[in-house]
Amino acid sequence: MSMTSYVLIALIILVLVFIKKTLVIIPQSETQIIERLGKYYATLKPGINIIIPFIDRPKTFITMTRGRYIYSGKIDLREQVYDFDRQNVITKDNIQMQINALLYFQIVDPFKAVYEINNLPNAIEKLTQTTLRNIIGELELDQTLTSRDTINTKLRAVLDDATNKWGIKVNRVELQDITPPESVLTAMEKQMQAERNKRAAILTSEGEKQSQILQSEGEKAATINRAEAAKQQVILKAEGEAQARIRKAEAEAVAILKITEAVGKSTNPANYLLAQKYITMMEQLAKGEQAKTVYLPYEATNLMGSIGGIKDLFKSE
C-alpha cells in the first residue's frame with residue numbers, strides 16, 4: 001500500500017472517531033451536563049445530541065451505588081433510594097438507641113444537583129443524620145417507638161426544604177429499625193408481661209363476676225318458676241276439688257230428685273239418704289277386725305225411723 005492509502009485510512013478513522021464523539025445518545029430518564037471550555041453549555045435530553053468533540057465535555061457527577069461513591073458523566077432522573085447505615089441517636093430522656101433510615105428522592109434540576117453541591121449523596125446522608133438526631137432529641141423513648149409516622153413526616157419536610165436548593169425532591173423517608181439498648185428492651189419486655197398479666201387478671205375477674213351474676217339470675221328465675229309452678233299446682237288442685245264437689249253435689253241433687261220421684265211426696269227423701277248412710281257406716285263398723293263393741297249414736301231412733309221409711313218404700317213397690 002502506498003502512503004496515500006495510509007493517509008486515507010487514517011482520515012477515515014479520524015472521521016469515525018469525530019462522528020462518535022460528536023453524537024451523544026442519552027437513554028430515557030437520564031441526562032448529561034455539558035461544559036464548553038470549562039463553562040456550563042447545555043443539559044442534554046434523551047435521544048441523539050450533537051456536541052463538539054474535545055471542546056464540549058460532560059460534567060462528572062457523583063452517585064452512590066451499594067454504599068460506594070461512583071463518578072459518572074450521566075445523571076439518573078428516576079427516583080432513587082439511599083439506605084443509610086445505623087446511627088446512634090439520643091432521646092429527650094437520655095436513652096441512646098440505633099436507627100437506620102431509607103430516603104427516597106429524585107433529581108428534578110440537574111444543573112443545581114451538579115453545581116450547587118459538591119458531593120450530593122454525602123450531603124444528603126449527613127443532612128439526614130443530623131436532622132434525625134434533632135427530631136429524636138425532642139422526643140422521649142415511648143414517643144419515639146410509637147410515632148414513626150410523625151418522625152417520617154417531620155424528617156421529610158425538613159429534608160425537602162433543605163435540599164430544594166440542590167435540585168432534589170425528597171418524596172418520603174422511612175425508618176427501618178429502631179433498636180433501644182438491651183437493658184431498655186429487657187425492661188420493656190417485663191413491662192409488657194406485667195401489662196398482659198394485669199389484663200388477664202382483669203378479664204378473669206370480669207368473667208367470674210359475669211358467671212356469678214348469670215348463676216344468681218338463673219337461680220332466681222328457677223326459684224320464681226318453681227314458686228309459680230307450685231302456685232299453679234295448688235290452684236289447679238283447688239279448682240279440681242271444687243269441680244269434684246260441684247259434680248258430687250250435682251250428682252246428689254240428681255239422686256234426690258230420682259228418689260223423690262220414686263218415693264213420692266209421702267216419704268221425705270232426706271230420711272232415705274240418711275238411713276242409707278247409717279247402714280253403710282254400720283256395715284263398715286261391723287267388718288272391722290278390732291271392733292268388739294258397737295256404739296249406736298243417740299239419734300238411733302231417727303235411724304230406725306229412716307229404716308222404717310225404707311221398709312215402707314219397698315212395701316209400696
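Biologist: Where in the chain is N119 found?
Modeller: This is a predicted model, in which local features need pLDDT of at least 70 and side-chain atom pairs count only at pLDDT 80 or more, while totals for chains, interfaces and linings use all residues. Residues are numbered from 1 along each chain as its sequence is written, and side-chain values use heavy atoms, with hydrogens and water left out. With helices (H or I, at least four residues) and strands (E, at least two) taken as DSSP runs numbered from the N terminus, N119 is found in the loop between α2 and α3 (120–137).

Biologist: Is N119 buried or exposed?
Modeller: Buried means under 20% relative accessible area, exposed over 50% and partly exposed in between, with a 1.4 Å probe and protein chains only. The relative accessible area of N119 is 19%, and therefore N119 counts as buried.

Biologist: How many residues apart are Y40 and F111, which form an aromatic pair?
Modeller: Ring centres of Phe, Tyr and Trp (its six-membered ring) within 6.5 Å make a pair, stacked with planes under 30 degrees apart, edge-to-face over 60 and tilted otherwise, and the structure holds four aromatic pairs. One of them joins Y40 and F111 edge-to-face, at 4.9 Å centre to centre and with 75° between the planes. This pair links distant parts of the chain, since Y40 belongs to strand β3 (residues 39–44) and F111 to helix α2 (residues 110–115), and their separation is 71 residues.

Biologist: What is the relative accessible area of F111?
Modeller: Y40 is partly exposed, because its relative accessibility is 34%. F111 is also partly exposed, and its relative accessible area is 32%.

Biologist: Which strand holds F105, the partner of Y82 in an aromatic pair?
Modeller: Y82 and F105 pair edge-to-face, with 4.8 Å from centre to centre and 70° between the planes. Y82 is buried, as is F105. The two are 23 residues apart and link distant parts of the chain, Y82 lying in strand β9 (residues 80–83) and F105 in strand β11 (residues 96–107).

Biologist: Which residues do ring pairs link into a cluster with Y115?
Modeller: The edge-to-face pair of Y40 and F111 has already been described. Ring pairs link Y115 into a cluster with Y40 and F111.
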